Structures are given as C-alpha cells and as structure tokens.
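Welcome! Please take a moment to look over the model below, and then we will walk through a few of its parts together.

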Amino acid sequence: MPEVLVLVDHDGERVHKTTYELLTAARRLGAPAAVVVGTPGTAARLEASLARHGARSVYAAESAEADEFLTTPAVDALERAAGETSPAAVLVSATTDGKEVAGRLAARLDTGLLIDAVDLDSSGVVTQVVFGGSYTVRSQVTHGMPVITLRPGSFEAEECPVRAEEKKLALRPVAAACCARVTARRGALAGDRPELTEAAVVVSGGRGVGGAEGFQVVEELADALGGAVGASRAAVDAGYYPHQYQVGQTGKSVSPQLYIALGISGAIQHLAGMQTSKTIVAVNKDPDAPILDLADYGVVGDLFAVAPELTRAVAARRAAG
C-alpha cells in the first residue's frame, strides 16, 4: 500500500486536531505517514499521538533552524520525503501557511494541486466549494500525484492505533538570503476557548452586534457552549473584534458541528468560510438576510434578546446535568 504524506501541524509539544483529521482522510488513499518538521526531539515527543491516529511512519525532519524560517523547511521536508517514498498523495491542512506550503511543493514537484477540499474518495477525487461558495465541484489532478489541502473540520478525527516507525529526513540548510526569517514570536491571548479552526462549536458576531462592547453576548454564548468566537469581515473592519478571529474567504475557514451567526447578514465571502458547518443557526432582525437561506435554523429577531436567552437556557441545561 503506497504511503500518503501528511504534514504535521503542531506547537512543538502538541499535535493540532487538524492533523488527526488529515491522518483519518489519508487512510482512504493509502498508508498514512506523518512528516514532522521541527527542532531535534520534536518527532519523538509527538510520535505516540500520531501512531494512535494511524501514522505508520513518522518522518523526522529536524534541525536547529527549522523554527527560524517561514514555510521553507516544511516545503523542503515534503519534497525530500516525496522523493524517497513516491507517495500516493500529500495532504496539508488548508490554513494560511498550509496553502503556501502546498503551492510551493506542487511547483517544485511539477505536480497537481487541489486547494481547500472538503472531502475526498479512494480514487483521489476531491470535493471543493468554489467561487465564494456558489458551486460545489469534484476535481482530480491530471498530472503527477496530488498535493491536497483539506479544510479544517471536514473530517472527523478517528483513532486507529498502529505501531509507528520513525525515520530521519535530512534537511538541507535554508538559504537565508532568499527566505523569510522569524525574528520574534508572541503568543495570542486565546484564554480557555478552543482554537477557531479546531472548535466543535463556533459563535460569530457581525455588524449587527453594533460595536466591540456588543461582542460580550457573543462571548457569553460561546463560553456557555464551550465554543470559539468568530467574527465577520464587516465586524473586524469596523474594529469590533481582532482580525485573527475573522471567518470567511479572506479570513479562516471553519467547519464545526455547530455554527451560530449573530447579526451576520451573510455576505458571500463570509458564507465561503463557514457553509460546510454541520448545523448552522442564524439570528438576524432582517427577514431577508441571505444567511437565513443557508441556515438550518433561523431566528428573525433582536440578537440582544435571543442570544442571552439562549445562553441562560444552555447554562440551565448543563446545571441540570
């Protein structure tokens, strides 16, 4: 069975949930093989959790400078692994960095690239949502092996314990003169909420929230549900909420089990980033808001009346056990 290379998204100590989703998807195409890029010892720390989710091989692409450059070490590692294993495919998470890595890798290998897939089958055919969410298409590469980026949340991560074999990948020195170097790192203030692209529940606010102080009702509902907070582009551009929480075509793509939109009209660029959510609930005072056409459940009303009532109902349900 051919290997399927999976680029591991991690923070040095913990594998991110999106990687487990990729390993689950990889089993449809072949034998999952995880590629860990980091400083020496990183792969050893992550190997057990990767094996628990089906990684039969763990390629350790480690060097002291691996964390000092943006994306280039990951591209180098995948190129080296692909040259040694002739994989059936390469899977990368469809994050900002992941899309850059995938594009550069496909160019180096002169092979096909499939971006932002939401599903794939055993023949390598992927499902994509394109043109801002207007169409759903099925695509397949016609040249070389596929490099595929999968939208976070498209697959349910499933454990499949195996015994993993660690293999070393030698990384060539990065040409510092032509690569972006990381000069400083500053942790984001995320609190106790899950990361936006990994959350099972996302509660987002839009222009209808009315201001930064209005996001308190969004946060309270998200906290009651154990979810993450998102925002529309209109809310972010107006300064209501930080940019890193933007959901949409120019922000982050999410696919949670439950997506609640508060005061979001449903511009096409926002729908493109969340319409693959399993269940969508929208609250908007405008009965003609486009998002109500997409929502599984829609409430026409004042979000400042509906959201607090929903928060109280969730809290009461949890208190009752």
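Which residue in β12 does Ser204 stand opposite? Ser204 stands opposite Ala261. Before going further, note that this is a predicted model, in which local features need pLDDT of at least 70 and side-chain atom pairs count only at pLDDT 80 or more, while totals for chains, interfaces and linings use all residues. Residues are numbered from 1 along each chain as its sequence is written, and side-chain values use heavy atoms, with hydrogens and water left out.

Four of the five residues of β12 are buried, where buried means under 20% relative accessible area with a 1.4 Å probe, protein chains only. β12 pairs with β10 (residues 201-205) in the parallel sense over five bridges; pairing requires at least two DSSP bridges between two strands. β12 also pairs with β13 in the parallel sense, over five bridges, and here Tyr259 stands opposite Ile280.

**Helix α1**

Helix α1 (residues 17-26) is largely enclosed by the rest of the structure, because nine of its ten residues are buried. Among them are Thr18, Glu21 and Leu22. The buried residues of α1 pack against several elements, including β1 (3-7), β2 (31-38) and α2 (42-52), with contact meaning heavy atoms within 4.5 Å.

**Enclosed spaces**

A search of the whole structure finds two cavities of 30 Å³ or more. On a 1 Å grid over the protein atoms alone, a cavity is a set of points where a 1.4 Å probe fits but cannot get out, and lining residues have an atom within 4 Å of a point. Grid points are joined across faces, edges and corners, and a volume is the space filled by probe spheres set on the points.

| Cavity | Volume | Lining residues |
|---|---|---|
| Largest cavity | about 40 Å³ | Thr18, Glu21, Leu22, Ser93, Leu150, Arg151, Pro152, Ser154 and Phe155 |
| Second largest cavity | about 30 Å³ | Ser63, Glu65, Ala66, Pro73, Asp76, Leu171, Arg172 and Val174 |

Helix α1 returns here: α1 gives the most to the lining of the largest cavity, with three residues.

Definitions and conventions:
Buried < 20%, exposed > 50% of the residue type's maximum accessible area, 1.4 Å probe, protein only. Helix = DSSP H or I, 4+ residues; strand = E, 2+ residues; numbered from the N terminus. 1 Å grid on protein atoms, 1.4 Å probe; cavity = no way out; pocket = protein on both sides within 12 Å on 5 of 7 lines; lining within 4 Å.
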